[in-house]
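Subject: Structure for you to look at, with notes

Dear colleague,

I am passing on the structure that follows, together with some notes on what turned up when I went through it. Please keep it open beside this message while you read.

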Amino acid sequence: MAHWPVGCKLRRAPAPRPFESNQETTSSMKCHPFNHRRAGMLALAALALTGSVRAQDPLSALRIDMPIDSGVHANASTRPEIVLSFPVTVEGASWLRLEFAEVELGGSVFEGTGSILRITSLYDGAVQELNAVHVEQWRKTSAYFNGGEVLVEVLAQPGSGANRVVLAAVSTDLAGAPESICGPTDDRVLSSDNRSARLVPIGCTGWLINDCNTCSLTAGHCSGANLQVMQFNVPLSTSSGTLQHPGPQDQYTVDSANVQTNGGQGVGNDWAYFGVFPNSNTGLTPLQAYGARFTLVLPPAFNASETIRVTGFGTRSSPATWNQVQETHVGPWITWSGTTVQYQTDTTGGNSGSPVIHEPTGNAIGIHTHGGCGASAPIGQNSGTASNHAGLQAALAAPTGVCASGFSIVGSLPSSMSIGVPASVTIQAGPSIVAGSPTLHYRYQGGAFTALAMTPGANSLYAAQLPGPACGDSPEFYISALNSGCGAVTSPSGAPASFYSAPLSGGLEVTMSNDTFQTDLGWTTSIAGATAGQWERGVPVNDPGWAYDPASDGDGSGSCWLTQNALGNTDVDGGSVTLISPALDLTGGSVTLRYFYYLNLTVTDGVDRLALELSSNGLAGPWVPVAAHTTSSTAWRSGEVTAAQIAAAGLSFSSDVRARFVANDGGAASIVEAGVDGFRLIRTACGAFVSYCQSGASGSVISATGSASVAANDLVLHASNIQPQKSGLFFYSYAKQSTPFGNGTRCVGSPSARMGLVNSGAGSTLDFAVDQGSLSQSIQAGDLWNFQCWFRDGVLFDLSNGLQVVFTP
């Protein structure tokens, strides 16, 4: 059994004020050995709430630091057993929610041997069970439990491995309630419509809609970090107004990956669209559990004789037991104009996000977002965002996460892959996904996708592996399934036109050049309309009276390029200033440009910016944009333009590529201060030696021993499958090609250079030690050369395949 510290000492917070922001009211505690029960009573007594709660405020809560480490436990028996257990108590609390620092559960969820984290309320017996996937979906938090004491346990299968639970903190309750009632009396009545749910800890209302996967809507100002849990079958609050929570079987965690919202931008412009994971206890979605959802339609033509119903979880002081439980009211429809719908229907804080229901049809036509009614004439009206809002409609047309597919990604998808190393993809299928239908589709060289049926496991999981890629591959993939309500669905939506990418990582990177700007290597400047802010090279002056310049350079070497490096107001004004590089030799391709940049803006409208443009034809151009920096910071940041981006821009890898940085001021009363430092050319490859192209009829393969090190100068080339006593030679070029030549394929482009003639003798290989001093061109670190072997084959001549070599220091 586990052992845990016996108490934490309260560090009192300042006296609370009425809520003014979207931040949760908290008090922190430091751990010392004394009683948890006393700590809970002190905390609740010290933080009695005063003032009112706005609709957008999170569920009022006190967060108590309560570190408890169970230690590591495993099941060495032959049957399932509880391997660790500890209580969590805050005396006097009416509800608890646990926050874990770490949860390690042994076994495999996919194979059905995974351990279960079980949390039980000792007040009403409510139980939540979480496997390792559920723990991540719930973001290492629990459901809300009534009462002030819960029991934490882990049930482990035999021989399933280590288990550990580390509790970080406990959240418990506070209270409060402002109102926006249309007239002298609150005419709301209790309701039990399980199409609407309470959102916690944000303290708003959400509701199910009739989209493909029965996702939900709420107010935009109810989204964000505190949009976490959706509660149905909410019980009455206590006689003091303290919220009570339904059992974990009626609580659903929000899939944060699919929340689409405008964040709340005022009356008529305030919406959020989101989904939830299936319940961790029952495996059911809200629609399967409760069997109902709202039909969302565009508002009908306005009719002043019709009424509007609002059903939600508003705050209430009398009777206190109705506080933030479901209530409903019908009132006159006042107006509909643009994307704003208004009505004299009673609401209070907590009703934000409620459905605006057209009472004659029962259809939802908007989202309640703002109060405005008063007790006396003129009464005024409450307001919502109508369903015809273009942003909302766009989100509904392009759902993401569980709203798009009915299945969710477990863990994370591979964002990069290593050569030869497979990568796993795992999903959890919702109840609407047809069994056996999940499929992983992949391609590595463009063209058609290969379909791979995903393997079903326990707990509705499906898994498949992306094969290990080869050098030069560009892995792309998507997931598809059949949804019983929506038909074929994919992730990402729109596949195969849309897909996930996992570019190759690792491999070889060699720095070809690194300009730290300590000396002048040939950069030039120009001005187009600007009256100030010319580019200058030097150590930043760091003027204490001008807050927009950097205090130092970007790479730590001392100097950099800055827009007018002088004291005072020195930013770019009324035009643009340009910094142009000397010739950059990108011959051979596979080059990435990296740099540090500084950009401090007071207007971030996209016009004030720092742009990077390239020309592959020297100063003659054309200049092609490859990067645009439009956000502001007081810190140096990193920029990168990859070889793929250069190629996609239609640029060639010539020996006279130019880069130019353009700092632009759009002419408004704004500040534009820019800087560039640490400009590097990086040759990238899968390795120092990479084979490519096809061998000829003889099947000769070129290889290398020694190294690609310029300093070592020990590179030896070999060509296999050569007949005895045959002559041949190795030749090389920066360029590649694939052209029939003799009995083989010429893989090395033109112009090329030859090495000395060699003979196979009595053996079957041609070998040549490369002496860098004897070559027609000197070799520098970062150079990319391509080699091939030409040889006599008894009839005509043949060729090996090609070998790319990236030389290292």
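A polar contact, as the term is used in this message, is a pair of N or O atoms within 3.5 Å, and within protein one of the two must be able to donate a hydrogen and the other to accept it. Please bear in mind throughout that this is a predicted model, and that every value below was computed from it.

Arg443 is found in strand β29, which covers residues 439-443, and the side chain of Arg443 reaches the backbone oxygen of Gly447 at 2.6 Å. Is Arg443 buried or exposed? Arg443 has a relative accessible area of 17%, and because the limit for a buried residue is under 20%, Arg443 counts as buried.

Among the strands, I would draw your attention to β21, residues 327-337, which pairs in the antiparallel sense with β12, residues 189-190, over 2 bridges. In that pairing, Val189 has Thr328 of β21 as its bridge partner. Strand β20, residues 307-312, also pairs with β21 in the antiparallel sense, here over 6 bridges, and Ile308 stands opposite Gly331 of β21. A further antiparallel pairing, over 4 bridges, joins β21 to β22, residues 340-343, where Thr335 stands opposite Gln342. The strands β21 and β22 form a hairpin with 2 residues between them, and Gly338, which lies in the turn, has a positive phi of about 65°.

The strand β21 also comes into the charged pairs. A search of the whole structure finds 19 salt bridges, and one of the pairs is Glu327 with Arg188, whose closest N and O atoms are 3.6 Å apart. This pair links distant parts of the chain, with Glu327 in strand β21 and Arg188 in the loop between β11 (179-180) and β12, 139 residues apart. Both Glu327 and Arg188 are buried, and the two belong to a network of salt bridges that links Asp186, Arg188, Arg316 and Glu327.

Two other salt bridges may be worth a look. Arg63 forms one with Asp65, the closest N and O atoms being 2.8 Å apart; Arg63 counts as partly exposed at 27% relative accessibility, whereas Asp65 counts as buried at 19%. The side chains of Lys140 and Glu136 meet in another, at 3.1 Å from N to O. Here Lys140 is partly exposed, with a relative accessible area of 25%, and Glu136 counts as partly exposed at 48%.

Lastly, there are the pockets. Rolling a probe the size of a water molecule over the atoms shows where empty space is left. The largest pocket has a volume of about 940 Å³. Its lining consists of 33 residues, of which Asp473, Pro503, Leu504, Ala643 and Thr684 lie nearest the centre. Two or more residues of this lining come from each of β36 (508-515), β41 (591-601), α6 (643-648), β46 (672-685) and β47 (689-692). By type, the lining of the largest pocket divides into 15 nonpolar, 12 polar and 6 charged residues.

The second largest pocket holds about 530 Å³ of space and is lined by 28 residues, with Asp255, Ala257, Phe277, Ser408 and Ile409 nearest its centre. Which element gives the most to the lining of this second largest pocket? That element is α2, with 4 residues, and α2 (132-137), α5 (402-405), β27 (407-409) and β34 (487-491) each supply at least two. The lining of the second largest pocket divides into 14 nonpolar, 11 polar and 3 charged residues.

With best wishes

Terms used
Residues numbered from 1 in each chain as written. Predicted model: local features only at pLDDT ≥ 70, side-chain atom pairs only at ≥ 80, totals over all residues. Heavy atoms only, no water. Pairing = 2+ DSSP bridges. 1 Å grid on protein atoms, 1.4 Å probe; cavity = no way out; pocket = protein on both sides within 12 Å on 5 of 7 lines; lining within 4 Å. Points joined across faces, edges and corners; volume = space filled by probe spheres on them. Nonpolar A, V, L, I, M, F, W, Y, C, P; charged D, E, K, R; others polar. Salt bridge = Lys/Arg side-chain N within 4 Å of Asp/Glu carboxyl O. Buried < 20%, exposed > 50% of the residue type's maximum accessible area, 1.4 Å probe, protein only.
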